[in-house]
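Dear colleague,

Please read them with the model open.

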Amino acid sequence: MSRLASRPVRIGPRAAAALILVSLIGVAAFGWPLLADRQSGLAHSQDAPWLFAALLPLLVAVVVATIADSGMDAKAVAMLGVLAAVGAALRPLGAGTAGLEPMFFLMVLSGRVLGPGFGFVLGSVTMFASALLTGGVGPWMPFQMLAMGWFSLGAGLLPGPERIRGRAELAMLAAYGFVAAFAYGLVMNLQGWVVIAGMAQGISFHPGEPLAANLVRFVAYYLATSLGWDLGRASLTVVLTLALGGTLLRALRRATRKAAFDAAVSFDSGGVEACEPATVRCTPGHRG
């Protein structure tokens with residue numbers, strides 16, 4: 001059976017359209033303050049509650065569209081629940097300690113094995129669950145959900161899911177986790193930078209200023225406040241991926257094969273037959 005065939009969530013046409021839509025809105029939500037006109041009177045602190053109200057339904061729409069396109073069954077939902085619970089439990093272990101967040105390596109490996117569709121759903125749901133667990137619910141939460149969804153989706157889009165194995169795969173995943181951990185921190189800093197008042201002129205956000213000038217200030221802000229934090233997150237992701245990645249990848253792939261997400265189930269007058277898609281071999285069920 002193809003390793004790709006057992007992925008529990010595939011991105012079909014409707015799911016792809018919803019994902020593109022929410023991503024475009026997310027990019028605008030993260031980046032529009034840099035382009036806002038000074039006379040508009042807009043500030044991110046004012047629009048964040050509205051984005052919170054708009055993005056969450058869109059994220060839910062992505063999940064619903066994905067389920068509708070892929071026929072996400074109870075086994076896939078169960079796996080999603082387990083991985084999201086583990087990820088949510090891992091996040092508080094390092095929160096507040098030099099950016100050490102072990103949940104990131106789990107998102108990388110899960111996205112790799114289970115595909116971009118499942119990865120996006122898992123990243124968003126995990127961040128939502130962890131926010132409820134840690135009390136981190138606020139207007140920043142939809143941004144975190146979207147950024148983590150992108151993070152996990154990217155792992156599912158890495159090349160060679162059937163060919164690259166062993167050390168080469170772990171090295172690729174570690175490299176992706178390192179870069180993507182910085183990218184996550186960068187976009188989340190962009191979301192928070194525009195609402196922080198009282199900073200030095202050289203690093204604060206100036207509404208209506210030219211894009212180049214604000215970008216220079218943002219880079220200075222990021223280097224001064226967040227680079228070390230993101231380095232801790234990225235480094236821990238690399239260490240955990242290289243140390244535990246092989247074992248966890250095998251466990252995830254074994255669980256995915258046993259779940260047989262693509263297995264067809266047929267009914268006849270005598271009972272139920274479960275069919276394996278690769279072998280077209282059916283095992284008679286209990287016939288009473």
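**Surface patches and aromatic pairs**

Arg 257 is found in helix 8, which covers residues 227-259 (helices are DSSP runs of H or I with at least four residues, strands runs of E with at least two, numbered from the N terminus). Please note that this is a predicted model, in which local features need pLDDT of at least 70 and side-chain atom pairs count only at pLDDT 80 or more, while totals for chains, interfaces and linings use all residues. Residues are numbered from 1 along each chain as its sequence is written, and side-chain values use heavy atoms, with hydrogens and water left out.

With a relative accessibility of 43%, Arg 257 counts as partly exposed; buried means under 20% relative accessible area, exposed over 50%, and partly exposed in between, with a 1.4 Å probe and protein chains only. Together with Arg 250, Arg 254 and Lys 258, Arg 257 forms a positive surface patch. Patches are made of residues with over 30% relative accessible area and no salt bridge, like charges being joined within 9 Å and nonpolar side chains (Val, Leu, Ile, Met, Phe, Trp, Tyr) within 5 Å. A salt bridge here is a side-chain nitrogen of Lys or Arg within 4 Å of a carboxyl oxygen of Asp or Glu.

A nonpolar surface patch of about 260 Å² is made by Phe 128, Leu 132 and Val 137. Of these residues, Leu 132 lies in helix 4 (residues 103-134) and, at 52% relative accessibility, counts as exposed.

Turning to the aromatic residues, a search of the whole structure finds nine aromatic pairs (ring centres of Phe, Tyr and Trp, the last by its six-membered ring, within 6.5 Å; planes under 30 degrees apart are stacked, over 60 edge-to-face, the rest tilted). One of them is edge-to-face, because the rings of Phe 178 and Phe 182 have their planes at 70°, with centres 5.2 Å apart. These two residues are four apart in helix 6 (residues 166-193), and are therefore separated by about one helical turn. Phe 178 is partly exposed at 33% relative accessibility, whereas Phe 182 is buried at 17%.

Trp 193 and Tyr 221 form a tilted aromatic pair, 6.4 Å centre to centre and with 35° between the planes. This pair links distant parts of the chain, 28 residues apart, with Trp 193 in helix 6 and Tyr 221 in helix 7 (residues 211-225). Trp 193 is buried at 0% relative accessible area, and Tyr 221 is buried at 7%.

Finally, Phe 104, Phe 151, Tyr 176 and Tyr 184 form one aromatic cluster.

Definitions and conventions:
Accessible areas come from the Shrake-Rupley method with a 1.4 Å probe; for residues, only the protein chains shown count as cover. Lys and Arg count as positive and Asp and Glu as negative; His and the chain ends are not counted. The place of a charge is taken as NZ of Lys, CZ of Arg, CG of Asp or CD of Glu.
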